[in-house]
Amino acid sequence: MLVPEIAKLGHVSLVTPDLQKSLWFFKEVLGLEEIERAGGAVYLRACGEFEHHSLVLKQGDRAVVDHIGWRAKRAEDVEKFAVQLEAAGTKIQWIEAGREAGQGKAIQFKLPSQHTFEIYYEVEKPKAPQGERSGLKNQTHKSWARGISPRRIDHVNLWTSHDPGSVHQWLSEQLGFKMREYVKLNNGKVIGGWMSVTQLVHDVAMMGAHDPETPARFHHIAYWLDNAQDVLRALDILRENGIQIDLGPAKHGISQAVCAYVRDPGSGHRVELFSNGYLIFDPDWEPVEWGQEEFGVALQWWGPEYTPGHGHAMDETTEA
């Protein structure tokens, strides 16, 4: 009998106190395409994405993550995950098909860190409207139609007041995530882990939070650009629109990606612009350990220095 599997990161659903300003940022500056408005939510995707949405924006009284959606590998895996998680003591909530536009039935549940995850399989794949459709049959929307124009969603970075090592173990045992790289302190405590179910170095990173306002925190959603030059172009576009850069351009030691970070002015939710890096194809990959003295290099191989917990803008997170 096949065990249930997650295929990929599907979408992130964000609540913003200023929906119109957030829409301006994500559509006109970041360059995502609006697919649908339904039930008070706006559904968007990047130019290279076929599935209905990779981002959902909703109006609310404060900035918070509603949920993070993961697509299962097979339709029957949604039910299998529900059974498996309930057997492990995790409370499951079923989401009926259509409650989230473009998506079939799903389950939602909380991690030990209190972040809300969703697992689904069925999803619509609407074509781009005529006039906006790419001439490439293997791409939905035209490239560079507006703003930065990333190709796809890449990963999420989450912070927790709980022991991140215990959350890493739960993600591995219950959802099948594999540890790819991690940071361990001299006392043996793991303070950050980069995990994936795909060939990416991470679909999700789970980090220890520094004096969090709430137990579950959201550091960023990442969108992937084709190359490092696109990241530099993105920074010009951001500055021309009066948006301050939190950090970048830089290159991570972990993942080897070229990156920059910026926040949506409507909500404070952070976006990472992410490119380059490496993929993992080895079935027997050994997780890469970075020590306490290597933490700075692990985060920043080159670029502006940043060490969490010292009052940098990158320490600021939103509620999850």
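**Close-up 1. H155 in strand 9.** H155 sits in strand 9, which covers residues 152-160; strands (E, at least two residues) and helices (H or I, at least four residues) are DSSP runs, numbered from the N terminus. The model shown is predicted: local features need pLDDT of at least 70, side-chain atom pairs count only at pLDDT 80 or more, and totals for chains, interfaces and linings use all residues. Residues are numbered from 1 along each chain as its sequence is written, and side-chain values use heavy atoms, with hydrogens and water left out. H155 has a relative accessible area of 0%, so it is buried; buried means under 20% relative accessible area, exposed over 50%, and partly exposed in between, with a 1.4 Å probe and protein chains only. Not counting residues up to four places away in sequence, H155 touches L9, H202, D203, V204, H220, I221, A222, E272 and F274; contact means heavy atoms within 4.5 Å. With H202 there is also a polar contact between the two side chains, at 3.2 Å. A polar contact is a pair of N or O atoms within 3.5 Å; within protein, one must be able to donate a hydrogen and the other to accept it, and residues adjacent in sequence count only if both atoms are side-chain atoms. Y223 is 68 residues from H155 along the chain, yet their C-alpha atoms are separated by 7.3 Å.

**Close-up 2. Strand 11 and its two partners.** Strand 10 (residues 178-184) runs antiparallel to strand 11 and is joined to it by 6 bridges; two strands pair if DSSP finds at least two bridges between them. Across this pair, K184 stands opposite V190 of strand 11. The hairpin of strand 10 and strand 11 has 5 residues between the strands, and in it G188 takes a positive phi near 90°. Strand 12 (residues 204-208) is also antiparallel to strand 11, with 4 bridges joining the two. Here W194 has A205 in strand 12 as its bridge partner.

**Close-up 3. Helix 4 and its buried face.** Helix 4 has 13 residues (residues 228-240), which at 1.5 Å a residue should span 18 Å; its end C-alpha atoms are 19 Å apart, which agrees. The expected span is 1.5 Å times one less than the number of residues. D230, V231, A234, L235, I237 and L238 are buried in helix 4. Seen down the helix axis, the buried residues fall within an arc of 165°, so they line one face of helix 4; the arc is that of the directions from the helix axis to the C-beta atoms. An α-helix has 3.6 residues a turn, so residues three or four places apart point the same way. The buried residues of helix 4 pack against helix 1 (19-29), strand 14 (245-251), strand 15 (257-263) and strand 16 (270-276). On the face turned away from the buried side are the exposed residues Q229, D236 and E240.

**Close-up 4. The two ends of helix 4.** At the N-terminal end, N227 caps helix 4, with a side-chain oxygen 3.1 Å from the backbone nitrogen of Q229. After helix 4 comes G242, with a positive phi near 75°.

**Close-up 5. H269 in a loop.** H269 lies in the loop between strand 15 and strand 16. Its relative accessible area is 1%, so H269 is buried. The side chain of H269 reaches the backbone oxygen of V15 at 2.9 Å. Neighbours within four places in sequence aside, the residues in contact with H269 include L14, V15, A63, F218, D264 and T318.

Close-up 6. Most residues other than glycine have a negative phi, and most peptide bonds are trans. G248 and P249 are joined by a cis peptide bond, with omega about 0°; P249 lies in strand 14. W144 is not a glycine but has a positive phi of about 60°. W144 lies in the loop between strand 8 (116-120) and strand 9, and at 42% relative accessibility it counts as partly exposed. S255, also a residue other than glycine, has a positive phi near 85°. S255 lies in the loop between strand 14 and strand 15 and is buried, with a relative accessible area of 2%.
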